[in-house]
Every structure is written in structure tokens, then in C-alpha cells.
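Biologist: I have a model open on my screen and I'd like to learn how to read it. Can you walk me through it, one feature at a time?

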Amino acid sequence: MFVLELTYTAPLEAVDAALEAHVAWLDGQYEKGVFLASGRKNPRDGGVILAVAEDRARIEEIVAGDPFVVAGVCAYRVTEFIATKTAPELARHRQTLG
């Protein structure tokens, strides 16, 4: 499981110009089952996405396709973690140490 933290690197006007394409990209990742939750940070200086994928390389590939990245308006910090405890709704993503 991965926590993807977005930090805006451009003024909000530039972020907003790419927002529609970014939301469409998010929707596509939800449809594929990659993204579990996402939203803006408060204050609005970026966002956070909770994601699942087979490995970090796949997440890096997905992130590179974000219209925000293509437009140069954000940078990502990718943190991988082992989800050993989850809410019942996320039980299928639960992992074991090993």
C-alpha cells in the first residue's frame, strides 16, 4: 500500500487549469482499483492519495501520468507501507509481515 503526497509547485491558478484532467485521471485509477481514497490537503497546498499496486515501480509509472505532473504543477512523495491492520472495508488489502 502507498501514501502519495502531492505538493503544489505552481500557483493555484495553474493547478486549477489542470484540475479537470487530474480529476479524470483520478477517476480512471479508481476504476482500475488502484486508488482507495484521495483529497486536498488543508491548507490547499497539495493532496493525498491512498493507493495499492503490485510494487513501487508501478506506482511511479502511474504518478508520472498524472496531468498535474505533466503540467509541472506538483511534486509527489511516495511512501510505501505494509497495511497489517485495516478497516473491514479494506480487508482485501490487508498484508502480513514476512
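This is a predicted model: local features need pLDDT of at least 70, side-chain atom pairs count only at pLDDT 80 or more; totals for chains, interfaces and linings use all residues.

Biologist: On to helices. Why would residues three or four places apart point the same way?

Modeller: An α-helix has 3.6 residues a turn, so three or four places along you're facing the same way again. Now take α3, which spans residues 56-64: its buried residues are Ile59, Ile62 and Val63. Looking down the axis of α3, they fall within an arc of 100 degrees, so they line one face of the helix.

Biologist: Which exposed residues sit on the face of α3 turned away from the buried side?

Modeller: Ala57 and Glu61.

Biologist: And what covers the buried residues of α3?

Modeller: The cover includes the strands β1 (2-8), β2 (35-40), β3 (46-51) and β4 (74-80), along with the helices α2 (19-31) and α4 (67-70).

Biologist: Which residue caps the N-terminal end of α3?

Modeller: Asp55 does: one of its side-chain oxygens lies 3.3 Å from the backbone nitrogen of Ala57.

Biologist: Let's talk charges. What can side chains of opposite charge do?

Modeller: They can pair when their charged atoms come close. How many salt bridges do you think this structure holds? The count is six.

Biologist: Which of them can I look at in α3?

Modeller: Start with Arg56 and Glu60, whose closest N and O atoms are 3.3 Å apart. Both lie in α3, four residues apart, which is about one turn of the helix. Arg56 is partly exposed at 35% relative accessibility, and Glu60 is partly exposed too, at 37%.

Biologist: Where does Glu61 find its partner, and how far apart are the closest N and O atoms?

Modeller: Glu61 forms a salt bridge with Arg58, and that distance is 3.1 Å. These two are three residues apart in α3, again separated by about one helical turn. Glu61 counts as exposed at 53%, while Arg58 is partly exposed at 24%. Elsewhere, salt bridges with shared partners join Glu5, Lys41, Asp45 and Arg77 into one network.

Biologist: What about Arg44 and Asp16?

Modeller: Their side chains meet in a salt bridge, with an N to O distance of 2.5 Å. Arg44 is in the loop between β2 and β3 and Asp16 is in helix α1 (residues 12-17), so the pair ties together parts that are 28 residues apart in sequence. Arg44 is partly exposed at 25%, and so is Asp16, at 38%.

Biologist: Strands next. How do side chains sit in a regular strand?

Modeller: They alternate between the two faces of the sheet. You can follow this along β1: Phe2, Leu4, Leu6 and Tyr8 make up the covered face, and Val3, Glu5 and Thr7 the uncovered one.

Biologist: Does β1 pair with β3 in the parallel or the antiparallel sense?

Modeller: Antiparallel, over six bridges. Along that pairing, Val3 stands opposite Leu50 in β3. β1 also runs antiparallel to β4, and seven bridges join those two.

Biologist: Which residue of β4 is the bridge partner of Phe2?

Modeller: Glu80. Glu80 is partly exposed, with a relative accessible area of 48%. Setting aside neighbours within four places in sequence, Glu80 is in contact with Met1, Phe2 and Arg56.

Conventions: Residues are numbered from 1 along each chain as its sequence is written. Side-chain values use heavy atoms; hydrogens and water are left out. Buried means under 20% relative accessible area, exposed over 50%, partly exposed in between (1.4 Å probe, protein chains only). The arc is that of the directions from the helix axis to the C-beta atoms. Contact means heavy atoms within 4.5 Å. A polar contact is a pair of N or O atoms within 3.5 Å; within protein, one must be able to donate a hydrogen and the other to accept it, and residues adjacent in sequence count only if both atoms are side-chain atoms. A salt bridge is a side-chain nitrogen of Lys or Arg within 4 Å of a carboxyl oxygen of Asp or Glu. Two strands pair if DSSP finds at least two bridges between them.
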